[in-house]
Amino acid sequence: MKISEYFFYTSKEAPASAEIASHKLMLQAGFVAQSSSGIYTWLPLGLKVLNKVANIIRDEQAKQGIIEILMPTIQSANLWLESNRYDSYGAELLRFKDRRGQEMLYGPTNEEMMTDIFRKYVKTYKDLPKIIHHIQWKFRDEIRPRFGVMRGREFLMEDAYSFDLSFEEAKRTYDKIFKMYIKIFKRMGLTPIPVQADSGAIGGNMSHEFQILADTGESTLYYDKEILNITDENDFLKIKDLYAVTDEKYDPAQAKGKVLSSSRGIEVGHIFYFGTKYTESMHAKVIGKDGNSLYPFMGSYGIGVSRLVGAIIEAFHDEKGMIWPIPVAPFDVALIELASKSDEVQAFTEELYSDLMNNNIDVIYDDRKNVSNGSKFNDMDLIGIPFQIIIGNKYATDKTVEVKVRKTGERIDFNSKEALLKYLSSELNKN
């Protein structure tokens, strides 16, 4: 994609109202535009990241046989009256009436709707277990929306719901999704710490909150150092048995004798087991193996997709801008053509642009003619593309192309286009 043909608008400074790095940088780099309090338009660069995050989640869900559907954003209040949550959820629930006078709400979560779908279709134990998920926009009328997409009113969320015949089977499902969440976050280049958590308004008695490490995190985490050493997917479930809590749950007596680390963290996911809380209140029964009716055991599992975009920036940025991990970067490579009077430089840059695309390397080509070299460098550092290819006078004099690695600042010279393409393909395929 050429910048001259793209929707690309950056600014030198972030709005003074932005308080944290992700909020400042997303506005400054043109990833989002504020529409109203706590509500944002996702501009092309931000939307590319949002979709990459969502697609990693989709991919891992599909590998586990979890079925995707899409539920509506607007729900009938009648479902929430059945579950006894309509009045208890609080002022964050946006309630309204449609033109027929029916009580409606903008969904903040989907336990009721999913249970309603389940009871309409699933009638026998032979159809269990079932795990169903979707990725959908939610709305919670936060009293003080702040920190950009980190705590907005409208947000994109992945939520999954499981139905099992027994507690033992529900526990196996819970553990399966626990492992899957660890893998999802690691695929994005993050370090997830699952901590003991409360169930809150969702209800339940077994719950973990997934935090990622970031210096600007909202919570202080205390966790067993061994968590960081478990990198084999087969061992991810062992993490669940290791000590990890947020500061409000930290108990020196429980932590005694453990080698703990302390870091700041940001919550990006939450999983709950709540048994028959919703199937009973909403009369969602199936016929069991013995011919008697029973209430399936449920779990609920959520990842804040839009929140994750902000959290990744909080974890990976510097004074110049964002530093995207390769799997979620808006582009793989930024191709920067410096001001040059050489027709050869311009011709080679166009040729390399085509070669990068032909090698399935997602490239943004800064072909702007009325922008200084310094502004080009600043913009590419700001948007945080993993690799910058710089073509200018070095190529004109000795056919050298420079690559800058955004994460480390390392600069590498290449005198061969083939060697350059091989290097980039190798680095990108590591992820």
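Salt bridges, counted where a side-chain nitrogen of Lys or Arg lies within 4 Å of a carboxyl oxygen of Asp or Glu, number 37 in this structure. The model is a predicted one, in which local features need pLDDT of at least 70 and side-chain atom pairs count only at pLDDT 80 or more, while totals for chains, interfaces and linings use all residues. Residues are numbered from 1 along each chain as its sequence is written, and side-chain values use heavy atoms, with hydrogens and water left out.

One of these bridges joins glutamate 68 to arginine 58, with 2.8 Å from N to O. Because glutamate 68 belongs to strand 3 (residues 67-68) and arginine 58 to helix 2 (residues 44-63), the contact ties together parts that are 10 residues apart in sequence; helices (H or I, at least four residues) and strands (E, at least two) are DSSP runs numbered from the N terminus. Glutamate 68 is partly exposed at 37% relative accessibility, and arginine 58 is partly exposed at 30%. Here buried means under 20% relative accessible area, exposed over 50%, and partly exposed in between (1.4 Å probe, protein chains only).

A second bridge brings arginine 187 and glutamate 60 to 2.7 Å between the closest N and O atoms. This pair links distant parts of the chain, with arginine 187 in helix 5 (residues 167-187) and glutamate 60 in helix 2, 127 residues apart. Arginine 187 is partly exposed, at 30%, whereas glutamate 60 is buried, at 2%. Both residues belong to a salt-bridge network that also takes in Asp59, Lys63, Lys183 and Glu233.

Aspartate 355 and lysine 417 form another bridge, their closest N and O atoms being 2.6 Å apart. Since aspartate 355 lies in helix 9 (residues 343-358) and lysine 417 in helix 12 (residues 417-429), this pair ties together parts 62 residues apart in sequence. Both partners are buried.

Turning to the rings, there are 18 aromatic pairs, taken as Phe, Tyr and Trp (its six-membered ring) with centres within 6.5 Å; planes under 30 degrees apart count as stacked, over 60 as edge-to-face and the rest as tilted. Tyrosine 222 and tyrosine 250 are stacked, at 4.2 Å centre to centre and 20° between the planes. A single aromatic cluster contains Phe178, Tyr181, Phe185 and Phe210.

Charges also sit over rings (NZ of Lys or CZ of Arg within 6 Å of the ring centre and within 35 degrees of the ring normal). The charged end of lysine 277 is placed over tyrosine 278, 5.4 Å from the ring centre, and arginine 85 lies over the face of tryptophan 80 at 4.4 Å.
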